[in-house]
Amino acid sequence: MQHEHNHMAHMDHQMNGSAMTTSDPHAHHHPTSAPGHSHGGGMMMEMTFHFSYKNVPLLFSGLVINTAGEMAGAFVAVFFLAMFYEGLKIGRESLLRKSQVSIRYNSMPVPGPNGTVLMETHKTVGQQMLSFPHIFQTVLHIVQVVISYFLMLIFMTYNAYLCIAVAAGAGTGYFFFSWKKAVVVDITEHCH
């Protein structure tokens, strides 16, 4: 119980920067007024949205934004990364449609108006698991997932400039790439 209390006092020291006396032999005490001070050598992250370009970590520990020019460069890079992500999503859908190997048409009778019988045709497409298109789709899926996590982590810096870059890049990418996306309307679909 005493150790827990001392650990909490040590944590208080980390949070507010004031030294507290404790009998914990593992605790080390030194006052600090640095706002980002932490004993792990890392920086404290902001947990609210902020417009800052000083000490903004970007994905990797060695990649820290410290000037307005670096923030402008990061904004452009993140913007294009988000655009690329949207283009990759649409491109994968297009490649999937083009790589479909086996196509089957199944016709089945369905009751029509006034006791008539109509034939409804369904198209079934498939793909082979060990084919180049499927392996290529798998690699593209991995790239898409990694980029999506990078964008999420960038957004979680709570830096408003970077968040705007993610949102604006995704919106711009959707605008430029999704208009080519074919929308297929099945006229036999009864659940609209």
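**Overall architecture and local packing**

Along the sequence, the protein chain follows the pattern α-β-β-α-β-β-α-α. The model is a predicted one. Four helices and four strands are present in the protein chain. Of the 192 residues in the protein chain, 23% are buried. The accessible surface of the protein chain amounts to about 13600 Å², and carbon and sulfur atoms account for 67% of that surface. Among contacts between residues at least 6 apart in sequence, 53% join residues at least 24 apart.

Strand E1, spanning residues 56-58, pairs with strand E2, spanning residues 60-65. The pairing is antiparallel and comprises three bridges. One residue lies between the strands of this hairpin. Leucine 58 has phenylalanine 60 in E2 as its bridge partner, and leucine 59 adopts a positive phi near 70° in the hairpin of E1 and E2.

Helix packing was examined for H3 and H4. Helix H3 covers residues 132-155 and helix H4 covers residues 160-177. The axes of the two helices come within 8 Å and cross at roughly 145°. On the H3 side, Leu151, Ile154 and Phe155 take part in the contact; these residues meet Leu162, Cys163 and Val166 of H4. The residues of the contact of H3 with H4 comprise six nonpolar residues, with no polar and no charged residues.

Key:
Residues are numbered from 1 along each chain as its sequence is written. This is a predicted model: local features need pLDDT of at least 70, side-chain atom pairs count only at pLDDT 80 or more; totals for chains, interfaces and linings use all residues. Side-chain values use heavy atoms; hydrogens and water are left out. Two strands pair if DSSP finds at least two bridges between them. Axes are lines fitted to C-alpha atoms, for helices over the stretch in contact, and angles run from 0 to 180 degrees between N-to-C directions. Contact means heavy atoms within 4.5 Å. Ala, Val, Leu, Ile, Met, Phe, Trp, Tyr, Cys and Pro count as nonpolar, Asp, Glu, Lys and Arg as charged, and the others, Gly among them, as polar. Buried means under 20% relative accessible area, exposed over 50%, partly exposed in between (1.4 Å probe, protein chains only). Accessible areas come from the Shrake-Rupley method with a 1.4 Å probe; for residues, only the protein chains shown count as cover.
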